[in-house]
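Colleague: Could you put the model up and talk me through a site or two?

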Amino acid sequence: MTEQQKVYPVSDEFAAKAHADKATYEAMYQQSVDDPKGFWGEQAKRLDWFKAPTKIKHTSFDSHNVDIRWFEDGTLNASVNCLDRHLETRGDQPAIIWEGDDPKDDKTLTYRELFDQTCQLANGLKGLGVGKGDVVTLYMPMIPEAAMAMLACARIGAVHSVVFGGFSPDAVAQRVIGAKSKLIITADESVRGGKQVPLKDNVDAALTRDGTEVCENVLVVKRTGGEIDWKDGRDVWYDDIVTQQSTDCPAEEMGAEDPLFILYTSGSTGAPKGLKHTTGGYLLQAAMTHQYVFDYQEGEVYWCTADVGWVTGHSYIVYGPLANGGTTLMFEGVPSYPTHGRMGEIVDKHSVNILYTAPTAVRALMAHGDNVMDSSKRDTLRVLGSVGEPINPQAWEWFHQVIGNGKCPIVDTWWQTETGGIMIAPLPGATDLKPGSATLPFFGVVPALVDNEGNELKGAAEGNLVIQDSWPGQARSIWGDHERFVQTYFSAFKGVYFTGDGCRRDEDGYYWITGRVDDVLNVSGHRMGTAEIESSLVAHEAVAEAAVVGFPHDIKGQGIYIYVTLADGFEESDELKKELTQWVRKDIGPIASPDVIQWAPGLPKTRSGKIMRRILRKIAANECDGLGDTSTLADPSVVDELIEHRANR
Ligand code: PRX
């Protein structure tokens, strides 16, 4: 039997206690697709509404009129759902367990404490003139204040836009300008793996860029006490505006379709796009998936290792777990610090029951051998989860055997920034597992495979993954550019949402995501547009032209391979390679660091001038025998030259 055919059946014992067994999943799934209005109308009751919705679903994927509305006449507040409603029964229960970068640092916030501090911050934000509909940028370390900032925005109806703390000043500036953000909340420094990252300095640099004048204030959390510059009148200490505030802050009544947040992500072309997520549908999707996919049970400690800067952190560190009254663990550091055993040690220290992480983290640990987890027992673990990229069966097995002691089901969850919540994943009490497959659709999700002409492929097949009908957590638009939203997701194939992913469906109806079919890279689970990296490179004076492709990388999943054509007067050198690497890191962030740079006197282009990336990808992957048809190239000889000097042998 090959690895890919291996099946891990649901244990009867697990199924008996789970939120859903096989029969429940099947019945609920069927109802969710046969009668979406009835199904979601009922499920909406898991949220607390000021006014319960009566209009459940109004959605159109027609490219002439893309219009997505869920629960549109209902009103609610996300922070009330994540905080207030738990106070009576769970006021003293830990809401957030925070584990610092240094293993000696930790703290716990109960629901009562989180509520009080969030309300104080919300009042502080109001004092700074922030109100309903204003956009607040968060550029923060992984500290409880990040979650409080999100919830405080939600409380007063402000829209948060979290920018990953590893991004550059330019990336911050771009997003502040794009969203016309009035306020940035940041910290003096963040700490990761024993090193400081100068967040406030980065914000200072960002705010020197033209167009950032829209930003009136910078609210600064003191995390390290490191030295920072201060601009009077603009910069405000978090403690100064928060500590004195009342813990009473009535929540704003928000329409279900009012925006909750914007989150920028990379596409195949152009600048990153700010996906707009709204309040009711998003929160419902986050809460419901968190409960069912992780089989979250009352009182359990749940740990998602993502950063709040990504959608995974939004839905599965903050909104999902807190809406469910769960205990969510937030980790400031990195799994390799101070030692590679850290992840297991955290599990033991806080008795973690559910661990949700990324294949790249699993592979990085795996590279250190089976004993890497010897410093911990991990016997509290019950469910493991994976997200961000396909998990190769070998890493799945290692995750299962070594981290999970061979006893925890793994939920491989496929979804996207655009989808708001998990879309295709097993339910651990219902779905037999196949390592490497995200398995079956969540309630209400109708996946389909189409060929490049848009014809639907039935049965076992491989093609482009599309979703045929709307689900509540779906992004509603791209902030300020609905047309781009329509073009990006609804124009390639008629009447369906196009995910940008390729996928295979096997004879059991299981889905196996094969990776992006567009020019988006997935490096260590981080999404990056090749066009963004290319435009950064060509801004360097030595670069005449650049082409960026992904190549298979043992740990990162995909690595970044760059072909550079130098401008006249510049010489190839290792120093220049280093300089270009630094350039991209500084321009976009360390996550965009090139793995390989190859000098390319010419790039393979069609006669109409289009770069043939297919060929560049093959060369980068060292698969030079199967280059396919090169007869349409303007100058086929450039290919031989590139093969001869390829850098990845
Ligand atoms: O290619 C898919 C991959 O990550 C992309 C979405 O990236 P992002 O919006 O940053 O969200 C990541 C976290 C939800 C998808 O288009 N992807 C995500 N999860 C999986 C995956 N590929 C395979 N298997 C997964 N479980």
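Modeller: Lys 610 counts as exposed because its relative accessibility is 58%, where exposed means over 50% relative accessible area, computed with a 1.4 Å probe and protein chains only. This is a predicted model, in which local features need pLDDT of at least 70 and side-chain atom pairs count only at pLDDT 80 or more, while totals for chains, interfaces and linings use all residues. Residues are numbered from 1 along each chain as its sequence is written, and side-chain values use heavy atoms, with hydrogens and water left out.

Colleague: Where is Lys 610 found, and what is it in contact with?

Modeller: Lys 610 lies in the loop between β31 (596-599) and α18 (613-620), and, leaving aside neighbours within four places in sequence, Lys 610 is in contact (heavy atoms within 4.5 Å) with Pro 604 and Lys 605.

Colleague: What UniProt annotation covers Lys 610?

Modeller: The unreviewed UniProt entry gives "modified residue: N6-acetyllysine" for Lys 610, and such annotations may be inferred rather than shown by experiment.

Colleague: Switching to the ligand, which side chains have an N or O atom at 2.7 Å or 2.8 Å from it?

Modeller: A ligand nitrogen is 2.7 Å from a side-chain N or O atom of Asp 412, and a ligand oxygen is 2.8 Å from one in Arg 516. For Asn 522, the distance from a side-chain N or O atom to a ligand oxygen is 3.5 Å.

Colleague: How much of the ligand does the protein bury?

Modeller: The protein buries 95% of the 530 Å² that the ligand exposes when taken alone, with areas from the Shrake-Rupley method and a 1.4 Å probe.

Terms used: A polar contact is a pair of N or O atoms within 3.5 Å; within protein, one must be able to donate a hydrogen and the other to accept it, and residues adjacent in sequence count only if both atoms are side-chain atoms. Helices (H or I, at least four residues) and strands (E, at least two) are DSSP runs, numbered from the N terminus. Buried means under 20% relative accessible area, exposed over 50%, partly exposed in between (1.4 Å probe, protein chains only).
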